[in-house]
Amino acid sequence: MESATPLKLVEVRGKKTKANSELEVVIRETAWLWRKAHLSYDQSRYVVERVRRLLALEPPPARRRVVERLSREEVERLLEAAYRLHPRKPVYGLMLKTLFYTGVRVSEFVFLRAQDVHLDGEAPHLYVHKAKKDSVRYVPILPALAQELRVHLAGRTRGYLFESNRHERYSPRAIQKLIRRAAQEAGIEKRVYPHLLRHSVAQILLDRGMPLEQLQKFLGHRDLKTTQIYAESSLEQVGESYRRVFRGD
C-alpha cells in the first residue's frame, strides 16, 4: 500500500485518527500475507529487514536526552524565597529545603514521618518507606538541615514530618503550589515543579563528582540505566562549557 503522506501514530482523546486506521489496514493485510505464507518468527524478521532495505528506511538519529534542572544559584534563590513567603512560619522554606537536599520524590516526601528522620549521631539520615514500587531506602541529611529539622520537630516523634494545621499530611498538589509561589517570588521564569528539584540535586551531585552507582542509590533507582540520563546531561554541560571557553565567552 502506498500513501501520499507518511503514516503517523497519533491519538486524540482516545480516538484513532485516519492515519492510525490506515496503519491498522497495513497490519491486517501483512498478517494475512504472512499467515498465507506460513512464515516462522525468523522468516518474518528477515522479511521486515528486506522491506526496510528496499524502501531505504533508516532509523532516526539517536538524540541525547537532557534533563531539565535549576542551577545552584536558582536553587538558592528558590529556597530563600520560600522562607520569605511566610516569615513567621519558616516551615515552608524548610519543606522545600528538605525536598531538594534529600532528592526524594514528592509522592515519597508527603508520607515522611517524624520517626523516619534520624537526626542524632555522625550520619543523620531519613528512612523513605513510601518509595516507588514498594522499595525502601535511606537518604543522608546534611548536619545543618538535621539541626533545622530537630528545631522543627521540637521533640515530636510521631505524626508526619510536615503537617498542616489540621495535623494532616500535605498533598503533592499543595507542595506543587508552594513551589510555584516560591518560584514566582524568586523571579524564576522557567516552570518549576517538585520533580525538577530532584533532577537538580541529582545533576549537581553528579557534576560535583558523585559516582553514578552512589547516585543510583541516593535516588532509589532500581536500574542504573535510569540514572544514566544524568550522566548524559552532565556531558552536555561539559560540552557547552568547552565550547564557551574556545568561543572566548
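Reader: What volume does the second largest pocket have?

Author: About 240 Å³. A pocket here is an open set of points on a 1 Å grid over the protein atoms alone, where a 1.4 Å probe fits, with protein on both sides within 12 Å along at least five of seven lines. The volume is the space filled by probe spheres set on the points. Before we go on: this is a predicted model, where local features need pLDDT of at least 70, side-chain atom pairs count only at pLDDT 80 or more, and totals for chains, interfaces and linings use all residues. Residues are numbered from 1 along each chain as its sequence is written, and side-chain values use heavy atoms, with hydrogens and water left out.

Reader: Which residues are closest to the centre of that pocket?

Author: Arg105, Lys132, Gly220, His221 and Thr226, out of 13 lining residues. Lining means having an atom within 4 Å of a point.

Reader: Which helix gives the largest share of the lining?

Author: α8, with 3 residues. Both α8 (194–207) and α10 (224–247) supply at least two. Helices are DSSP runs (H or I, at least four residues), numbered from the N terminus.

Reader: How does the lining divide into nonpolar, polar and charged?

Author: 1 nonpolar, 6 polar and 6 charged. Charged is Asp, Glu, Lys and Arg; nonpolar is Ala, Val, Leu, Ile, Met, Phe, Trp, Tyr, Cys and Pro; the others, Gly among them, are polar.

Reader: Staying with α8, is His199 buried or exposed?

Author: His199 lies in α8 and is buried, with a relative accessible area of 17%. Buried is under 20%, exposed over 50%, partly exposed in between (1.4 Å probe, protein chains only).

Reader: What is His199 in contact with, leaving aside neighbours within four places in sequence?

Author: Val67, Glu68, Tyr193 and Tyr230. Contact means heavy atoms within 4.5 Å.

Reader: And how far is the His199 C-alpha from that of Arg105?

Author: 10.0 Å, though the two are 94 residues apart along the chain.

Reader: New topic. At what angle do α3 and α7 cross?

Author: Roughly 105 degrees, with the axes of α3 (residues 72–85) and α7 (residues 172–186) coming within 8 Å. So α3 is roughly perpendicular to α7, a label for 65 to 115 degrees. Axes are lines fitted to C-alpha atoms over the stretch in contact, and angles run from 0 to 180 degrees between N-to-C directions.

Reader: What kinds of residue make that contact?

Author: 9 nonpolar, no polar and 4 charged.

Reader: Last one. What is the phi of His38?

Author: About 55 degrees, positive although His38 is not a glycine. His38 lies in the loop between α1 (18–37) and α2 (41–54), and is exposed at 67%.

Key. Angles under 35 degrees count as roughly parallel, over 145 as roughly antiparallel, 65 to 115 as roughly perpendicular and the rest as oblique.
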